[in-house]
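Have the structure open as you read.

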Amino acid sequence: MKRQVNRRQFLRNTSLAGLGVGVLVNNSVSANPEGTELCNKTTLDYYGQGPFYTPNAPIISEGLLVSENEPGERLIISGRVYNLDCTEVIPNAVIDIWHADDAGAYDNSGFNLRGKVTSNSEGFYLFETIKPGKYLNGSSFRPSHIHLKITPPGFSDLTTQLYFTGDSDIPGDAAASITSGNFDATSRIIQLTTNEDGKLEGVWDIVLNGEGVIASNDMHLNQGMIYSVSPNPISELVSINFGVFRASKVSLKVFNLAGVLVADIDSLDLSPEKYTVDWKPSPDLPSGNYFIILTLDNLQVHYLKILKSPTLRSY
């Protein structure tokens, strides 16, 4: 590992660590002015299930809800499923997803843009689809939205909808405009960013009643963080920039969406400082989405999602 910047510069940067994760917008877990963490239960949507739900949607492969040729702007949604006080994650929660196509139409005879994903052993879920088109609801358009029915093992399901920041039709929508009560949509309007692959990405954590587990690795950004992974989508050589905020035994590992370890990049005793490590992914690593996880003394402090595209070549 290569040290970067001096001690004075590192301490100045770490005091701003909270600003370094603005892209990972988590509308479910926030902090009040005193710093106490608040856990916001995922709310129901005013329109509920709606008229376009089809039961028995298939489990989708590799998180892909769309075919390669589906028209529309590609969109990746990811996050974690938590119990009601956000102290535990919920594995094996089934997330049933359905939405309109790019033209605002639903497939009501088949399962196009319909399917299920399951949260993995660390509570993570991810799916790739397109940004849904809008359609008329009476005399006005409904904002772009995604329907979700989340079912934790052994508990009742929760049905809701996800909206996107900046949509001009949100203020006039009977459901998306609600800002309080059981149907408050505020935490379900998420920011989208464009990743290096040209796809939109949004992060949305789900908080609901269910039996969780204490994650073997959890996020503690006051102890360390991954600043960047470059390039992403990854190439034959990947540079990982991270900071360690206390003396620790530090490891960097890569997991697939099923929570299976696919690469153990490094494990060293490190003092507080900024570091860079270079990683050469195996040429046999399948294309798809992965998580790089930073661990200090067996405690996960941060993760970033990475993509291996099908075009990655070996030396």
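## Arg-80 and the ring below

The charged end of Arg-80 sits over the ring of Phe-124, 4.4 Å from its centre (the rule: NZ of Lys or CZ of Arg within 6 Å of the ring centre and within 35 degrees of the ring normal). Lys-274 does likewise with Tyr-227, lying over the ring face at 4.6 Å from the centre.

A word on the source: this is a predicted model, where local features need pLDDT of at least 70 and side-chain atom pairs pLDDT 80 or more, while totals for chains, interfaces and linings use all residues. Numbering runs from 1 along each chain as its sequence is written, and side-chain values use heavy atoms, with hydrogens and water left out.

## Ring on ring

Eleven aromatic pairs turn up across the whole structure (Phe, Tyr or Trp rings, the six-membered one for Trp, with centres within 6.5 Å; planes under 30 degrees apart are stacked, over 60 edge-to-face, the rest tilted). One of them is Tyr-46 with Tyr-47, tilted at 55° with 5.6 Å centre to centre. Phe-183 joins these two tyrosines in a cluster linked by ring pairs.

Phe-124 and Phe-291 have ring centres 4.5 Å apart and planes at 20°, so they count as stacked. This pair ties together distant parts of the chain, 167 residues apart: Phe-124 is in β7 and Phe-291 in β21 (strands are DSSP runs of E, at least two residues, numbered from the N terminus). Phe-124 is buried at 3% relative accessibility, and Phe-291 is buried with 3% as well (buried is under 20% relative accessible area, exposed over 50%, partly exposed in between, using a 1.4 Å probe and protein chains only).

Which side chain of opposite charge is nearest to Asp-205? That is Arg-80, 6.6 Å away, and buried Asp-205 has no salt bridge (a Lys or Arg side-chain nitrogen within 4 Å of an Asp or Glu carboxyl oxygen). The Asp-205 side chain does reach the backbone nitrogen of Arg-80, at 2.8 Å. Asp-205 itself lies in the loop between β14 and β15.

## The five-stranded sheet

An open, mixed sheet runs β6-β5-β10-β11-β12 (strands pair if DSSP finds at least two bridges between them). Its edges are β6 and β12.

All seven residues of β11 are buried, so this strand is largely enclosed by the rest of the structure. β10 pairs with β11 antiparallel over five bridges, and the hairpin they form has six residues between the strands, with Gly-154 in the turn at a positive phi of about 80°.

Key. Helix = DSSP H or I, 4+ residues; strand = E, 2+ residues; numbered from the N terminus. Lys, Arg positive; Asp, Glu negative; His and termini not counted. Polar contact = N/O pair within 3.5 Å; in protein donor to acceptor, adjacent residues only side chain to side chain.
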